[in-house]
Amino acid sequence: MIEEPQIPVLHREQLAYLLTEAAEIEHGLMCCYLYAAYSLKRDVAEGLEPKELEAVNRWRATINDVAREEMLHLALVSNLQTAVGTAPHFLRPNLPVAPGYHPSGIVLSLAPFDANTIDHFVYMERPEGVDTPDGEGFAQAVPYERPPLAGKLMPNAQEYLTVGHLYRAIRHGLRELVGTLGEKELFCGDPAGQVDASVYALDGLSPITDLASAEAVIDRILLQGEGGSDAHSASHYCRFLSVRDEFRALRKERPTFEPARPVAKNPVMRKPVIAEGHLFVDARPAAEVLDLANAIYTLIVRLIGRMFGPTDETDAERRALGFASIELMQVLTATSDVLTTLPANLAQPGVNAGVTFACSRSLDALPQHEAAWRIFRERGLELAKTSDGLAKTEPRLAPVAARLTKIAARLVSPRSVTRPAASPTRTATTPVTSARPDGDAMQEPLSPPPTPESNEDGIETVRGKHVLLHFDSNRCIHSRHCVLGAPKVFRANVKGPWLDPDATTVESFVAVAHACPSGAITYDRVDGGPGEPIPDVNVLRLRENGPLGFTADLHIDGQPDRIRATLCRCGASKKKPFCDGSHNAIKFVATGEPETIQTEPLAERGGALQIVPTPNGPLRVTGNLEICAGTGRTVKRVTSTALCRCGGSSKKPFCDGTHARIGFTSE
């Protein structure tokens with residue numbers, strides 16, 4: 001058993017120092033893990049057997065999950081820093097971290113996935129008392145110690161053996177300072193400055209107000225990292241052990257098995273003063289793509305810094321910042337996927353580039369509200385313009401450019417934007433054939449309704465005395481509320497024109513239109529009457545074995561604003577993110593009556609609801625939302641969440657990361 005020496009914490013300054021080092025380590029580990037995940041191959045065309053590709057996809061999902069939890073740990077440390085009256089810290093030294101900055105056993109450097117790298121990850125997450133060798137090539141060239149300088153007023157570097165050791169020292173320091181200062185005096189920070197899971201979509205992100213909540217957070221970090229005495233199977237340590245064991249087994253079956261691309265170890269953007277241990281990325285277009293990737297990363301850090309910083313942001317603004325940072329992380333992943341296929345240095349053929357996560361010395365949180373949002377938007381537009389230019393010579397970056405353009409357009413403070421109600425404008429063009437709500441054979445009607453006009457999107461429009469009726473065949477999921485609720489207006493089983501808005505009262509027509517869950521039926525009033533109101537309460541209804549039915553002021557990425565929509569959650573729709581009825585064809589099973597999750601009532605229940613279908617991932621939802629069972633019972637109230645759309649989550653309707661493990665693909 002290797003004993004961990006106690007680290008003395010005599011004053012708040014020393015506690016702040018340890019918390020800052022913990023933040024830098026969590027931040028650095030997250031980048032190291034992502035770098036290894038980005039390096040993994042993605043296709044059998046890269047020399048993998050099908051069984052090997054399945055394993056590699058699992059490893060990528062595992063490493064990404066661990067990196068996500070490192071982000072949670074960084075966020076929890078930020079809340080703890082705020083709780084004790086200090087400032088959250090998102091700066092860190094560039095990678096690889098120079099010797100002496102951390103203890104000699106804490107090595108943070110960028111390396112592609114291989115046997116030595118996974119050994120290093122196991123070593124970094126090892127529990128107290130576990131003696132396991134570090135990965136070859138990761139040990140410091142010259143071992144050193146950072147002995148504490150006892151009794152000093154100035155905080156100083158301390159020696160610890162593991163990341164868990166550092167957190168146990170922080171917990172000990174909290175207890176000691178509660179004893180000397182008192183609990184209220186130690187936890188003097190304003191709780192309003194902290195961020196929780198309702199603002200930033202990280203499960204387990206919670207505020208800290210006293211010693212009990214602080215110790216609960218530290219225990220969570222320790223359990224997720226090194227696990228407990230019962231060899232916690234979901235800990236980072238155990239998960240990396242599992243990856244290592246499977247990798248060794250596959251390498252034994254096929255000694256030439258290489259799961260990763262030939263990505264550089266410790267690439268750098270500028271020619272280093274000491275070349276040893278670094279690779280200068282100067283080949284084109286890798287150098288330009290690396291510049292873009294690092295610029296995306298620095299904007300992510302800026303947004304997070306503003307979200308956690310001592311600012312006057314509203315919860316809506318913080319949610320918008322957090323949402324944009326998550327979107328940008330996905331864009332960074334896509335950019336890195338291209339980057340890891342590009343030659344890094346012409347003088348060293350066969351070695352590809354990788355994102356360096358360069359951390360600018362100017363990355364302090366922006367203090368001025370209006371200026372900060374202007375700078376965010378300005379930078380977003382610069383990224384979009386640069387990526388668009390790069391896409392002309394590297395077409396694989398075209399989706400990155402498109403996504404950055406959309407993100408930049410949304411980098412506006414919610415308090416400065418008033419969203420009008422959606423009212424679709426349609427121009428009649430050439431007729432198209434529609435998909436009726438009832439798919440039976442058509443028969444001739446006794447008295448033909450008006451002839452519809454159709455636009456290029458397949459939307460039929462019929463003018464009545466009171467309304468312009470619009471029917472969008474692409475959105476229809478054949479729920480049949482229309483043909484059953486207003487059969488004279490929506491004439492099933494006919495040939496030719498079938499829509500007649502004057503066949504019932506305007507009140508009856510409006511009621512049926514509002515009952516259409518998919519939003520396939522909309523209308524404009526031409527008699528001066530009111531249009532469809534934006535709901536006072538945003539609602540998601542879970543349809544048994546079917547889609548997600550939203551009613552809200554909906555802003556779905558890349559789509560016209562609307563009030564009603566049914567979005568695919570089976571993963572099989574050909575019209576993603578919308579449902580096209582494929583759940584019936586594949587016999588999709590998903591309850592519409594999940595268990596209730598106790599949540600407090602929302603302070604606000606309406607407002608804009610933003611939905612972004614993440615590439616190959618879940619629906620990211622930001623805004624006030626009540627998730628309801630098919631019977632109307634409230635399942636959960638949220639202001640930010642990730643909803644499964646691959647069909648595989650064990651926590652439906654919520655995402656549990658299954659999309660990565662099963663290789664779900666979707667724009």
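**Strands, buried residues and loops**

Reader: How many bridges join strand E8 (residues 548-556) to strand E9?
Author: This is a predicted model, in which local features need pLDDT of at least 70 and side-chain atom pairs count only at pLDDT 80 or more, while totals for chains, interfaces and linings use all residues. Residues are numbered from 1 along each chain as its sequence is written, and side-chain values use heavy atoms, with hydrogens and water left out. E8 and E9 run antiparallel; helices (H or I, at least four residues) and strands (E, at least two) are DSSP runs numbered from the N terminus. Two strands pair if DSSP finds at least two bridges between them, and the number that joins E8 to E9 is five.

Reader: Which residue of E9 is the bridge partner of Leu 548?
Author: E8 covers residues 548-556, and E9 covers residues 562-567. The bridge partner that Leu 548 has in E9 is Leu 567.

Reader: Is E9 largely enclosed or open, and how many of its six residues are buried?
Author: A residue is called buried under 20% relative accessible area, exposed over 50% and partly exposed in between, with a 1.4 Å probe and protein chains only. E9 is largely enclosed by the rest of the structure, because the number of its six residues that are buried is six.

Reader: In which sense do E8 and E10 pair, and which residue of E10 stands opposite Asp 553?
Author: Whereas E8 and E9 run antiparallel, E8 and E10 are linked by four bridges in the parallel sense. E10 is also mostly covered, with five of its six residues buried. The residue of E10 that stands opposite Asp 553 is Ala 608.

Reader: What does E10 form with E11, and which residue in the turn has a positive phi?
Author: Strand E11 (residues 619-628) runs antiparallel to E10, to which it is joined by four bridges, and in E11 the partner of Gln 610 is Thr 622. The two strands form a hairpin with five residues between them, and the turn residue whose phi is positive, about 60 degrees, is Asn 616.

Reader: Is Glu 215 buried or exposed, and which residues does it touch?
Author: Glu 215 is found in helix H6 (residues 211-225), and it is buried because its relative accessible area is 16%. Not counting residues up to four places away in sequence, Glu 215 touches Arg 171 and Arg 175.

Reader: Why does Asn 545 count as partly exposed, and why is Lys 587 called exposed?
Author: Asn 545, in the loop between strand E7 (539-542) and E8, has a positive phi of about 55 degrees although it is not a glycine; it counts as partly exposed because its relative accessibility is 29%. Lys 587, in the loop between helix H14 (582-585) and strand E10 (608-613), also has a positive phi, near 55 degrees, in a residue other than glycine. Lys 587 is called exposed because its relative accessible area is 69%.

Reader: What share of the residues of the protein chain counts as buried?
Author: The protein chain holds 15 helices and 12 strands, and its C-alpha trace spans about 95 × 60 × 45 Å along the principal axes. Among contacts between residues at least 6 apart in sequence, 69% join residues at least 24 apart. Of the 667 residues, the share that counts as buried is 54%.

Key:
Contact means heavy atoms within 4.5 Å.
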